[in-house]
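Q: Could you take me through this structure feature by feature, giving the general idea before each case?

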Amino acid sequence: MPFKIVPRDSASDEGSGETVARPRYVKWFQLGAGTLRAVLRERRLEDRLPSGEDWYVCPLCLDSMFTVEELDTGELTVEHVPPRSLGGHAMVLTCRRCNNYAGSRWDAQAYRRRQFHEYLTGQSGRAETVTLDIGGVITRAELHLTGTSGFLIAETPKINNPANLAASAAHLDARAAAR
Ligand SMILES: [Zn+2]
């Protein structure tokens, strides 16, 4: 049977090709489908499931039901926990929509957080871009670490409105003069 597992990026799962990974995902599907059936049976709701097939429900939204064939269409997807970009592993099957949502929100936030942590602990050499609020004037700046405990914040002309740079400089000058 031809099949296609569609993870968020194209790298193969934990070094194994899709042909190796699929039986594992089918096992997860069967586990989820069996649990769903058992829960519904316990509540005498089993007849709500279309008969003759196993059904898997997305555990995040409880909104979408899938047959095992939908592993092949990309509608039932493999979610990595923590995100794959942080070295996470395939953990659970979710619907494509939840997987995309997790990718764009939670994963991106977690990745950004780690990047910033690496930066602050000196594991990454590049400057971080930060947002400054000086007297209510918002500008973008680069944060450079200097030595082990100091840092330098430099507003970047290229990515700021010149009027905002002038206004924030004037605000800092006024603060310094008031001392
Ligand atoms: Zn979902």
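The dialogue below goes from the overall layout to the sheet, the helices, the core and the backbone angles.

Q: What should I know about the numbering and the kind of model before reading anything else?
A: Residues are numbered from 1 along each chain as its sequence is written. This is a predicted model, in which local features need pLDDT of at least 70 and side-chain atom pairs count only at pLDDT 80 or more, while totals for chains, interfaces and linings use all residues.

Q: How many helices and strands does the chain have, and what pattern does the chain follow along the sequence?
A: Helices (H or I, at least four residues) and strands (E, at least two) are taken as DSSP runs and numbered from the N terminus. On that basis the chain has 4 helices and 7 strands, and read along the sequence they follow the pattern α-β-β-α-β-β-α-β-β-β-α.

Q: In what order do the strands of the open sheet lie, and is their pairing parallel or antiparallel?
A: Strands of a sheet pair through backbone hydrogen bonds, either parallel or antiparallel. Here two strands are said to pair if DSSP finds at least two bridges between them, and 3 strands form an open sheet in the order β5-β6-β7, with antiparallel pairing. The edge strands are β5 and β7, each of which pairs on one side only. The twist from one strand to the next averages 40 degrees, where axes are lines fitted to C-alpha atoms, for helices over the stretch in contact, and angles run from 0 to 180 degrees between N-to-C directions.

Q: Is strand β7 largely buried or in the open?
A: A residue is buried if 20 or more other C-beta atoms, placed from the backbone, lie within 10 Å of its own, exposed if 12 or fewer, and partly exposed in between. Of the 6 residues of β7 (residues 150–155), the number buried is 0, so this strand lies largely in the open. For the whole chain of 179 residues, 14% count as buried.

Q: Where is the kink in α3 centred, and against which strands do the buried residues of α3 pack?
A: The bend at a residue is the angle between axes fitted to the seven residues ending there and the seven starting there. Helix α3 (residues 96–120) has a kink of about 35 degrees centred on Gly103, yet its 25 residues reach 35 Å from first C-alpha to last, close to the 36 Å expected. Asn99, Ala102 and Asp107 are buried in α3, and the buried residues of this helix pack against β3 and β4.

Q: How many residues has the largest nonpolar core, and which element gives the most to this core?
A: A nonpolar core is a set of buried Ala, Val, Leu, Ile, Met, Phe, Trp, Tyr and Cys residues joined through C-beta atoms within 7 Å. The largest has 12 residues, among them Tyr25, Phe29, Val57, Phe66 and Leu93. The elements giving two or more residues to this core are α1 (18–42), β1 (56–57), β3 (76–81) and β4 (89–95), and α1 gives the most, with 3 residues.

Q: Which residues other than glycine have a positive phi?
A: Most residues other than glycine have a negative phi. Arg44 has a positive phi of about 55 degrees; it lies in the loop between α1 and β1 and counts as exposed, with 8 C-beta neighbours inside 10 Å. Leu62 has a positive phi near 50 degrees and is placed in the loop between β1 and β2 (65–66).

Conventions:
Expected span 1.5 Å × (residues − 1). Contact = placed C-beta atoms within 7 Å.
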